Amino acid sequence: MNREKVLAAVVIVAILGLALNYYTQHYQGGEIYEAANHAFGLLTKGFNVTITVETVEGETVAGTLLSVRGSTINIVSNGNVLSVGGPSATKEDLRARLIKVDYHGKVYVYELPPRLGELNGIIDNITVDAYSERFSGIIYIEGEISPIQLGMLKYRADYLSYGSVTINQVSGNGAVISTNMVPIEFLREYLGDYRVYLYGTLYVNSEERNLPLKIIEVRTG
């Protein structure tokens, strides 16, 4: 009986291992192009992608995928932007011996109809158990807002995430901005206390559909 239990445990562990590996791709440092293309494809779909790099010097560095330029992978690790190249790279911050690309779940693309109110309250109503949530659309901001504050939001979105903010209009009565794949936590941080009118598309990387909104698309890895 004990032997049967041991065998059953081994089988279960093996199955779990296969399931986890389904979401993890390993690349040797020389396969930097393949790693970059695969990771960037996931990112553009809305997945939250983690890159783990084992360098030729024996160091392990993990970070969130930011962007890809040619064969260079850019990640954000502990608030710093680091570039990753192959084992013979000369310009990048890290020379990779091994690269792991990790992601989870699916990306549920929802239509977000017009919402009016304080942004904190709107975000509270669309925040769910997810690996990431990103918003693309138009935001009308009521009241005086500093161009510097909007500039700080734009910098975070444009340079520290896979997203962008366009400042369409700023006046003494408010502002209008367009967002593309901007993490909702960035919007909360800089615009949370403002009364806004917004609409657009919500990209939720999660294990299951968990918002009562119209589904536009479901994306897999």
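Helices (H or I, at least four residues) and strands (E, at least two) are taken as DSSP runs and numbered from the N terminus. The structure is a predicted model, in which local features need pLDDT of at least 70 and side-chain atom pairs count only at pLDDT 80 or more, whereas totals for chains, interfaces and linings use all residues. Residues are numbered from 1 along each chain as its sequence is written, and side-chain values use heavy atoms, with hydrogens and water left out.

Helix α5 (residues 184-191) packs against helix α4 (residues 147-159), the two axes coming within 10 Å and crossing at roughly 165°. Axes here are lines fitted to C-alpha atoms, for helices over the stretch in contact, and angles run from 0 to 180 degrees between N-to-C directions. The crossing angle makes α4 roughly antiparallel to α5 (angles under 35 degrees count as roughly parallel, over 145 as roughly antiparallel, 65 to 115 as roughly perpendicular and the rest as oblique). The crossing of α4 and α5 is right-handed; a crossing has this hand if the near helix is turned clockwise from the far one by less than a right angle, and is left-handed if anticlockwise. In contact, defined as heavy atoms within 4.5 Å, Q149, L150, M152, L153, R156 and A157 of α4 meet F186, L187, E189, Y190 and L191 of α5. These contact residues comprise eight nonpolar, one polar and two charged (Ala, Val, Leu, Ile, Met, Phe, Trp, Tyr, Cys and Pro count as nonpolar, Asp, Glu, Lys and Arg as charged, and the others, Gly among them, as polar).

Helix α5 also packs against α3, at an angle of about 160° and with the axes 9 Å apart. The helices α3 and α5 are therefore roughly antiparallel to each other, and α3 passes α5 in a left-handed crossing. On the α3 side, L119, N120, I123 and D124 meet I184, L187, R188 and L191 of α5. The contact of α3 with α5 divides into five nonpolar, one polar and two charged residues.

Grid points are joined across faces, edges and corners, and a volume is the space filled by probe spheres set on the points.

The lining of the largest cavity has ten nonpolar, no polar and no charged residues.

The largest pocket contains about 380 Å³ of space. Among its 21 lining residues, N48, S132, P183, E185 and F186 are the closest to the centre. Strands β3 (60-69) and β8 (132-142) and helix α5 each supply at least two lining residues, and α5 gives the most, with four. By class, the lining of the largest pocket has ten nonpolar, six polar and five charged residues.

Note on methods
1 Å grid on protein atoms, 1.4 Å probe; cavity = no way out; pocket = protein on both sides within 12 Å on 5 of 7 lines; lining within 4 Å.
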